Every structure is written in structure tokens, then in C-alpha cells.
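I opened my notebook to look up a few things in this structure. Here is what I started from.

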Amino acid sequence: METRIRFLLLTGLLALAGCATTGGTPTQAPAAAAPEGAESPSVITPQVERREVRVADIDTENWEAGAYIGSLSVEDFEVNLVYGARIAYHISEDFFAEGILGTSDAGISSYERLSGSAPLLTDSEREFRYYSLGFGWNMLPGEVFLGGDRAYNSAVYLTAGAGATRFAGDDRFTVTLGAGARILIKDWLAAHLDIRDHVLEVDVVGTNKQTHNFEATLSLTAFF
Amino acid sequence: MQLLRALLLLAILASAPVAIAAPPEVMVAEPYLELRTGPGRGYPVTHVVPRGEAITVVKRRTDWFKVRDARGREGWAHRDRLAATFTPQGKPMPVAAPGREEFEEHRREAGLLAGDFEGANVISGYASYALNPQLAAELRFSQLLGNASDGQLLAAGLTHVFRPDWRVQPFVSMGAGMIRIQPKATLVQAPDRSDELAFVGAGFKVYLSRQFIFRAEYNKYVVFTDRDENEEPTEWKLGFAFFF
């Protein structure tokens, strides 16, 4: 039985080889090569599913979105809780575009506390709300190890952005500079530690004054 | 009838996720394919897949593809390496790197610009879609932050690139939109104003590398106010954009 199959395969192959070299039809191929009922000797057809590969079918995960919480030091107005949302688009392994939106309630300035005078700002003016759009650079990509068995992909990155801040009843142009560390808990889930400085001019007592408002936040983001 | 149509639409939308194709499978054609632990050039290689073996492309992040071999081992491979694999049709995997050619014929572009709008700071984002290699429809949104007033600007327009085959591409643009100006509360109480506007502009785009673009532009606006005279603010801004 086995020799017969081998014979059939060989004659099939020979016929095809003849076909390929002469470029003609296998007229001289023996009629016995493909007897009725036998499996057609398709030796060349690979056993893979013939499906067109479209790059668009591949699940791309370049977007990252999440929320953060931390503390923000509003210059002259104490350190306060801040929370916000962050979205990023990863353009390449080195660079990403980023948008952040955060809000905090500024506290009471030392002047207000000591002088006992009327508050400088109303409650709604005390709300510190900012957004920033910018770019980030994954300066130090790498891995971090937890014990001997676990390794997580990570990156230390620098960010720079421009945006606006609403504080003291005024919208102000704001430059936001930051540095952060990202650890990928899963392929799609990341934890961040970010330090940012929001630089803006504030006019609370009648003159413009450049302020640096530092912020440290922890965030959780998902890639999608 | 309306309800039926809505239900049909819902049914189509609901069935959409089912239509998502299974992850594509390709064949390693180079002597071997290196799999890294992460989507970056510095991550260590932990596995190699020999020539002729099939791999499944699980997902993609930027230029890196997460793949799984027949034994279930996973790792990340760069696009250039994946471009050297073959599809079941025996064709190279169609994942070429974006370069100058793609820059010349890209369709979608988005970017962030910052600059000066008649003395006020301006932060602007835009997105554009190319109708042909030279002409693109563009939507822009700007926030204006000045000492005397703040505002927002939303405009749509057309951008015309003279030579799409140049690395530095000069362009002209024109369009129309809306502007809203809010005077600062500390000054004389003036009401918010919303006005229509039109603009013409010129600028240039420089192809940096991969999918990055540097863009600089100058715009002249005409704001159609209710008063006797129109305002004609000028604006310049610089920034970065990328195409996809």
C-alpha cells in the first residue's frame, strides 16, 4: 500500500517537474498517475489557511488613557489634592503626544492667614484648573525587577507642553514641564509617577508674577 | 419604518465586533526572527523563531509587533523584521516603514502649534485630511490668552501644498470660522463677543523623519465685527505634527 502511494506521489512529482521544465502540458504523463478515486497528489500546496493578511486587522495599541491623583503646590496657596485625566498617543517607541487636564482647589495664602483681612479670592476663583498639550520623550526605556521572578517594562520620560490655567478668575497661558516614570504592569496597563511644573503668570494683588506650581501625581492608564 | 431602520443599524453595530478578523499569521523567511521582551530596540532577545515557522501577530504598538510562535512563546519584533516575513500568499508582509514617500502622499495629519495672535499667546491644534497630494481640508481650534482678553477660535479651511515631492513644503491656506473674545474681568466690563472670521495664511512644513513634521505658519484674519470697522489680527505659530 505504502509503495503504491509513494509511486503515485513520485509520478505526480515527475509529471509536474516535466511540466515546469518543458513549460508544456504533461501529455506524456502516464494515465495511471491519477486513477479514479485516489487522492489528487497536490504535494506542493502548503497546509496553511489561505487568508489575505491585512495590516489593518492587527490590533494597534498606540493610545493610552487614564486618570491621576496627587498633590499640587499652588504658589502662595498651599499644597492641595489634585486629580485629572491624561491621554497620550504613542507616535514611535521614543516619542508620544500627550494631553492632560487637571483640577485642584487652592488653599489659603499665608498673607490671608496672618493679616486676618478679607480673602483675596472667592471660592470659585480658588479653583486651579489646567490643561496642557505637548510631547514626551522616552529618555530611559528599560525594565524594572520585582524580586527575582518578575520583570516589568518601564520608561523614564520627559514632557513639555503648553496650555492654559484658570486660576484667580483668569485664564493664563501655561507652560508645563515634567518628568515621569512609567511601569507596565500588563501589556495594556501602566502605572505612572509624574512630577510636573506649571509655569504661569498670576495676578492676585494687582501685578503679574510668574509662578511655579509643582505637582506630583500617581496615575493608572490603559493602552487601547 | 424609522424604528426598523434604527433597529437594523443597531444590529449591524452590535454585530461589528464579531466581524473583526482573527490575528494574522505569517511565516518567518529570514534565517531567524528575534523576539524581544518589550517594544523597544534595547529590550533583550529571549527567543528566536527559525525560518519557515509560522507566527501569529497579536498586537502592534508603534513600530513593534507582539508575536506568538507555534509553541506559545511571545515577544516583540520590529516592523523592519516583520516586513521580511511572508504572508500565506507568499507575499512579503505589507508593513513598510513610513518615510519620505509616505510623507508625500499621506492623508491624515494632526499637530500642535503655539505662537502669537496679535500680542496674545495662542495654543492651537489642528487635524487635516488630504483630498489629493496637494490639497487638504483642515480643522483648527485655538485658545487665545492675552493680557486684556481671552478667546477661542474654531476654523475650517483648505491648505494647498505647491510641491508635495519636496522635503520642505511651502503651503498657502484659506478658510473661515468663528472667534469668541472674552475681555478680562479686571478691565472695563465689556460683554463677550462672538464673530465670524475668514483667514488667509502661508507657511511651510518640514519632513523631519519617520512620521514627524515641523510646521510654521503665518495667518492674516479678518474678524467681521458688529462695529463700523473689521478687525484684522495677524498670527504666527510653530509646532510639531505627525501623519498617520
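I began with one bridge. A:Asp105 has A:Glu127 as its bridge partner, in β5(A). I noted that this is a predicted model.

Next I looked up the strands around that bridge. β4 (residues 95-105) and β5 (residues 127-146) of chain A are antiparallel, and 11 bridges join them. Eight strands of chain A close into a barrel, in the order β2-β3-β4-β5-β6-β7-β8-β9, with antiparallel pairing. On average, neighbouring strands of this sheet are turned by 25° against each other, direction ignored.

I turned to the contact between the chains. Chain A puts in 31 residues and chain B 35 residues. On the side of chain A that touches chain B, β1 (59-60), β5, β6 (150-167) and β7 (170-184) each give two or more residues. β5(A) gives the most, with five residues. I sorted this side of chain A by class: 11 residues are nonpolar, eight polar and 12 charged.

β1(A) runs parallel to strand β4 (residues 54-61) of chain B, joined by two bridges. There, A:Thr60 stands opposite B:Arg60 in β4(B).

My last entry is on B:Pro92. I found B:Pro92 in the loop between α2 (79-82) and α3 (100-105) of chain B. Beyond its neighbours within four places in sequence, B:Pro92 is in contact with B:Ala83, B:Ala84 and B:Phe86. I also looked up B:Ala29: it is 63 residues from B:Pro92 in sequence, and 9.0 Å away in space, C-alpha to C-alpha.

Key: Residues numbered from 1 in each chain as written. Chains lettered and ligands numbered in written order. Predicted model: local features only at pLDDT ≥ 70, side-chain atom pairs only at ≥ 80, totals over all residues. Pairing = 2+ DSSP bridges. Helix = DSSP H or I, 4+ residues; strand = E, 2+ residues; numbered from the N terminus. Axes fitted to C-alpha atoms, helices over the stretch in contact; angles between N-to-C directions. Contact = placed C-beta atoms within 7 Å. Nonpolar A, V, L, I, M, F, W, Y, C, P; charged D, E, K, R; others polar.
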